[in-house]
Amino acid sequence: MTNERLRNAMATAHVDIDAITRATNVDPKTVQRWVGGRIPHQRYRWKVAKLLNEREDYLWPADETQADTTTAQTAEIIAAYAHRAAVPTSAWWNLFIRATRQIDLLGFAMLFLPEQHPDLVDLLKTKAVAACQIRIAMADPTCIYVEERDKEEKLGGTLPARIQTTLYQIRDLHHCENIQIHLHRTPMYNSVFRFDDEMFVTTHLYGLHGSKAPLFHLRRLGAHGIFADFATHFDNLWATTTPVENITLPTKSRHDILPVQKQEE
């Protein structure tokens with residue numbers, strides 16, 4: 001059977017059979033057999049994995065019969081960061097750029113996204129025009145869980161304003177085809193950021209600001225892995241949300257909270 005992981009890794013890294021042939025000093029037909037499913041010798045696996053910037057056990061699981069279970073689930077964890085802030089800004093942007101089918105964003109305020117990526121709104125609009133389905137789930141600033149999280153993280157009552165600011169920052173996405181912006185009223189144990197078959201997940205640690213929370217970079221390899229669990233989590237939570245236009249948000253002065261609805265210039 002064709003080694004789809006090797007084939008996909010080659011396509012992602014823009015590495016062809018000739019490049020692997022030069023790196024391993026083997027016959028091109030040998031490389032073709034590797035792509036076709038034959039497992040290379042250990043010394044070649046090291047070289048190919050390094051060339052493709054992939055894990056060897058991902059490209060060639062130790063037990064092929066477990067490719068969709070134990071081994072695959074472990075291999076779904078591409079990287080782990082002690083803090084969300086440790087993830088390079090370019091890594092976020094690259095995932096946004098590469099996504100073509102689906103982008104799901106779940107968090108409380110997620111203000112760091114438009115702040116770190118000034119062109120994010122324009123990019124998401126372009127993605128939506130190309131039929132990419134985009135779902136954004138933010139916390140309802142009026143719900144009790146926002147108040148509790150604000151107290152827990154000692155934010156001084158600023159979390160509702162941060163949510164409103166994000167909504168204002170992405171106001172041009174309101175009512176765009178293929179883009180949905182909803183509000184949730186859940187305690188939020190983690191934040192989920194999905195880009196097709198890759199995902200960033202941050203776990204909530206008590207009293208710790210989101211930027212300091214651990215982050216895991218996941219990649220979907222099967223129907224029953226870690227990625228699938230978080231994808232299902234997003235879908236289940238999304239089913240409880242309400243579109244922004246159907247929520248009555250608090251009315252305060254612009255100096256306190258930025259308005260949700262798009263205003264005339």
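Author: Gladly! Let's start with Met-110, which sits in the loop between S2 and H8; helices (H or I, at least four residues) and strands (E, at least two) are DSSP runs, numbered from the N terminus. The model is a predicted one, where local features need pLDDT of at least 70 and side-chain atom pairs count only at pLDDT 80 or more, while totals for chains, interfaces and linings use all residues. Residues are numbered from 1 along each chain as its sequence is written, and side-chain values use heavy atoms, leaving out hydrogens and water.

Reader: Does Met-110 count as buried or exposed, and why?

Author: Met-110 counts as buried because its relative accessibility is 8%, and buried means under 20% (exposed is over 50%, partly exposed lies in between, with a 1.4 Å probe and protein chains only). Its phi is near 55°, a positive value in a residue other than glycine. Most residues other than glycine have a negative phi.

Reader: What makes Asn-178 partly exposed?

Author: Asn-178 has a relative accessible area of 22%, so it falls in the partly exposed class. Asn-178 also has a positive phi, near 75°, and its place is the loop between H11 and S4.

Reader: Why are S1 and S8 said to stand at the edges?

Author: The eight strands form an open, mixed sheet in the order S1-S7-S6-S5-S2-S3-S4-S8. S1 (77-81) and S8 (242-243) each have a single partner strand, so one side of each has no neighbour in the sheet.

Reader: How do you know that S2 and S3 are paired?

Author: Two strands pair if DSSP finds at least two bridges between them, and five bridges join S2 (residues 102-106) to S3 (residues 133-139), which run parallel. In one of these, Leu-105 has Ile-136 of S3 as its partner.

Reader: What makes the space of about 70 Å³ a cavity?

Author: On a 1 Å grid over the protein atoms alone, a cavity is a set of points where a 1.4 Å probe fits but cannot get out; a pocket is an open set with protein on both sides within 12 Å along at least five of seven lines, and lining residues have an atom within 4 Å of a point. The space of about 70 Å³ is the second largest cavity, and Leu-105, Met-110 and Ile-136 are among its lining residues. H8 (112-116), H9 (120-129) and S3 each give two or more residues to that lining.

Reader: And what is its lining like by class?

Author: The lining of the second largest cavity has ten nonpolar residues, one polar and no charged. Ala, Val, Leu, Ile, Met, Phe, Trp, Tyr, Cys and Pro count as nonpolar, Asp, Glu, Lys and Arg as charged, and the others, Gly among them, as polar.

Reader: How much space lies in the largest cavity, and which residues are closest to its centre?

Author: The largest cavity holds about 340 Å³. Arg-84, Phe-108, Ala-109, Ser-191 and Gly-210 are the closest to its centre, out of 25 lining residues. H11, S5 (190-195) and S6 each give two or more residues.

Reader: How much space does the largest pocket hold?

Author: About 940 Å³. Its lining counts 29 residues, and Thr-12, Glu-54, Arg-98, Glu-198 and Arg-219 lie nearest the centre. By class, 15 are nonpolar, five polar and nine charged.

How values were computed: Grid points are joined across faces, edges and corners, and a volume is the space filled by probe spheres set on the points.
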